[in-house]
Amino acid sequence: MYSFEPTEEQKMVIDAARRLAAREFRPRMRDSDEKGEPDPAWMDEGWALSLLPASIPEQFGGFGANSALTWVLAAEELAWGDLGATLALLAPNLVALPVLRAGSPEQKAMHLPAFCNDAWAPGAAALMEPRIAFDPFALETKAVRDNGGYRVTGTKCNVPFALESDWILVYAALDGKTQALLVPTNAPGVTVGERERNMGLRALPLYSVSFADCAVPASHLLGGEQGCDFDLLLAASRTALASMAVGVARAACDFALDYTRQRTAFGEPLARRQSIAFTLAELVTDIDAARLLVWEAAWNLDQGKDAVRAAAFALNFSSDMALRTADRAVQLLGGYGYVRDYPVELWLRNARAFGVLEGIATV
Amino acid sequence: MISFENSDLIKEQQRYAESIALERIRPLARYYDAYEHEHEIPWDFVRFIWDTGRKGLDALMPGAEVPDEPFMLQIHTSEMISWGDVGFFMCLPWPALGGNAIQNTGTEEQKNRLTERFRGERPTWTCMALTESHCGSDSSAIRTRAVRDGDGWVLNGEKLFVTSARKALEESEGFMVVWATTDPGAGRSAIRPFLVEAGNPGVRIMKLENKLGLRASDTAVVILEDCRIPLENLLGGGEKGFKGAMATFDSARPAAASSGLGIARATIDFVKEELGRQGVTIRYALPRRLLTAIERDVIDMETEWRAAWLLTVRAAWMVDRGIPSTVESSMSKVKAGEAVTRITQKGIELMGPLGYSERMMLEKWMRDGKIIDLFEGTGQINRLVIARRILGYSGRDLK
């Protein structure tokens with residue numbers, strides 16, 4: 001039977017995430033974007049929510065089980081506060097959750113306890129490559145078999161926390177299929193390059209990373225010998241991004257709604273004009289629709305059903321919707337939408353990321 | 001606990017409705033489109049539904065035993081029957097809008113009259129008359145007059161776009177719910193619903209509309225001329241007025257949405273099958289910029305469909321639980337109206353000249369689909385409903 005009601009536990013997570021977003025994320029959003037650094041309070045305060053330890057089973061140091069649905073409920077609220085903060089706080093997911101989903105028992109035992117400590121620990125994943133024709137299913141970064149292990153060669157971009165993490169989960173083509181390898185950041189052949197300078201997500205430390213004939217033991221292939229189901233990992237990643245797109249869109253829409261209700265022109269509030277009000281009505285409708293698509297994708301993941309199509313629908317709709325919403329918000333604020341004293345230009349820059357960047361978040 | 005799994009009962013009903021759509025609707029859909037008004041009602045289909053409905057569609061009859069989610073069941077059925085053909089869907093002998101109005105505004109005695117009617121031997125329809133030639137969306141401006149006269153009411157006026165009036169008033173012993181004003185100067189506060197039985201003197205069909213689509217179904221102009229009805233035909237004893245009309249929209253809008261999404265899905269299914277025959281596969285997992293134009297179009301059609309469908313399912317979920325759903329119902333209708341319009345138009349483009357031809361059903365589905373953005377509140381009216389709510393504005397604040 002269909003249901004659209006989160007569990008009591010999930011409602012508590014939503015509330016906690018909402019409070020964190022309003023109290024810690026939003027007030028520091030602009031400064032961090034300007035400085036190009038995440039605010040340490042984001043991770044300190046955010047880690048207190050214990051979202052990740054609550055997703056990891058007891059035997060690996062956590063106290064729960066992973067739920068994509070719970071993650072997307074939280075991620076929407078967090079991203080309403082700030083997308084950069086959300087991606088920073090949830091960066092540990094990039095290693096922990098693929099290991100949890102697809103790792104061998106040894107890999108789980110080795111990596112998961114590091115994400116169950118009292119303090120936030122960074123995690124890094126390298127999927128994107130700096131070329132126009134980047135295709136996650138046809139990577140130029142290659143892993144070749146060598147001496148019972150692998151050698152990885154290639155260049156990646158937009159790797160979160162590459163400099164700060166002990167491990168990078170590197171996606172590479174192995175026998176023509178995309179697989180993932182756990183590579184220590186200090187392994188010979190790994191070079192962390194320049195900080196990326198993107199139009200948005202400026203608070204998030206993203207790096208280019210190159211791998212030159214980097215030797216990786218066989219036991220570090222995610223999933224062990226048989227490898228992993230990359231389709232599933234990509235679907236989980238897209239679902240995560242889509243949920244954050246809903247959060248960013250909601251932030252922009254809320255702001256535009258308040259603004260147009262207060263701003264008067266020609267003797268009455270802007271929002272009393274149909275051209276404004278109808279725009280807002282369309283935005284809230286699409287936000288709700290996007291959220292439902294996200295929930296469905298997450299539900300499919302949790303049920304162990306094929307989530308590829310659902311995740312594609314969710315991200316296809318949400319990324320487009322978030323960009324349109326942020327754009328409309330800028331439009332509704334007029335000149336104020338274009339200046340950095342107001343937050344909407346930041347949301348427009350951030351919202352552009354959803355349809356373009358892959359693999360920088362997961363649930 | 002959030003869930004996207006349907007109940008077994010609904011899945012079963014969907015399979016049943018699909019078999020009806022394939023065997024009893026699709027083969028006749030083109031004929032009934034081509035000969036609007038020249039044909040009889042699709043009696044074979046109607047009698048089959050009426051006679052067997054006690055097994056498969058029984059849950060749609062008022063008063064029938066329905067486990068848990070009657071409205072959720074209804075939208076899944078209407079989606080599937082409309083996937084077969086939306087004109088046939090409108091010919092279903094079930095309570096529809098008129099019945100809905102009685103459920104929302106009627107007294108127990110009046111509801112029982114409705115139930116009895118749908119337990120009889122002969123297929124029965126109901127219809128609802130609200131719109132007039134000078135007012136559609138602005139239904140509070142209606143002029144049809146109701147005057148108390150001794151032991152009855154006398155109705156006078158002209159009603160437009162009455163769906164199924166011919167079936168309710170001429171082809172069966174059905175009835176019509178008429179919204180009329182007891183005081184033309186008093187606006188919506190004086191508007192009341194009245195029940196007019198088939199065969200009542202003073203009611204007649206003046207004209208059947210010739211339409212862009214939906215041609216298997218009749219849409220009529222109905223004249224009320226000194227139409228005298230008993231006092232007990234004032235629905236709800238006069239307590240529920242205009243708000244009763246509006247309350248029917250909370251369920252009528254997702255119902256209309258579901259029907260439109262049936263048409264849209266018919267288009268998507270057909271286009272995907274044809275493309276499959278041409279060797280085109282849709283690579284859902286590929287980043288958008290690497291897709292072909294056709295893949296993008298198909299994925300966009302499916303995405304938009306799914307978005308609208310989930311809004312519709314959510315509204316139905318609320319209706320079944322008695323959660324007020326005015327905004328959510330309007331959202332489903334806005335999205336579905338847009339989705340069916342765009343999807344059916346795009347379907348023709350993808351199939352080229354054949355898509356434009358009557359050799360395929362796509363051109364019919366495009367003509368049929370457009371109604372969804374027009375009836376049960378136009379797309380614009382539903383945007384107004386949503387906008388007022390999110391802004392906290394009254395009808396005076398946001399016109």
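The model is a prediction, so local features are reported only at pLDDT of at least 70 and side-chain atom pairs only at pLDDT 80 or more, while totals for chains, interfaces and linings use all residues. Residues are numbered from 1 along each chain as its sequence is written, chains are lettered from A and ligands numbered from 1 in the order in which they are written, and side-chain values use heavy atoms, leaving out hydrogens and water.

Helices and strands here are DSSP runs, numbered from the N terminus (helices are H or I with at least four residues, strands are E with at least two). After α1(A) comes A:G36, with a positive phi near 80°.

Two helix pairs show how helices can meet. Axes are lines fitted to C-alpha atoms, for helices over the stretch in contact, and angles run from 0 to 180 degrees between N-to-C directions. Within chain A, the axes of α3 (residues 68–81) and α8 (residues 274–302) come within 8 Å and cross at roughly 150°. That angle makes α3(A) roughly antiparallel to α8(A); the classes are roughly parallel under 35 degrees, roughly antiparallel over 145, roughly perpendicular from 65 to 115, and oblique for the rest. Contact means heavy atoms within 4.5 Å, and the residues that make this one include A:L69 and A:V72 of α3(A) and A:W295 and A:W299 of α8(A). By class, this contact has 9 nonpolar, no polar and 3 charged residues. Ala, Val, Leu, Ile, Met, Phe, Trp, Tyr, Cys and Pro count as nonpolar, Asp, Glu, Lys and Arg as charged, and the others, Gly among them, as polar.

Helix α8(A) also packs against α12 of chain B (residues 379–391), with the axes 8 Å apart and an angle of about 85°. These two helices are therefore roughly perpendicular to each other. Among the residues that meet are A:F278 and A:L280 in α8(A) and B:L384 and B:I386 in α12(B). The contact divides into 10 nonpolar, 3 polar and 2 charged residues.

A:S50, in the loop between α2 (40–47) and α3 of chain A, has a positive phi near 55° without being a glycine. A:S50 counts as partly exposed because its relative accessibility is 23%; buried means under 20% relative accessible area, exposed over 50%, and partly exposed in between (1.4 Å probe, protein chains only). A:L201 is not a glycine either, yet has a positive phi of about 50°. This leucine sits in the loop between β6 (190–195) and β7 (206–216) of chain A and, at 4% relative accessibility, counts as buried.

In chain B, B:T181 belongs to strand β4 (residues 175–181) and is buried, with a relative accessible area of 2%. Leaving out residues up to four places away in sequence, B:T181 touches several residues, including B:I142, B:T144 and B:I191.
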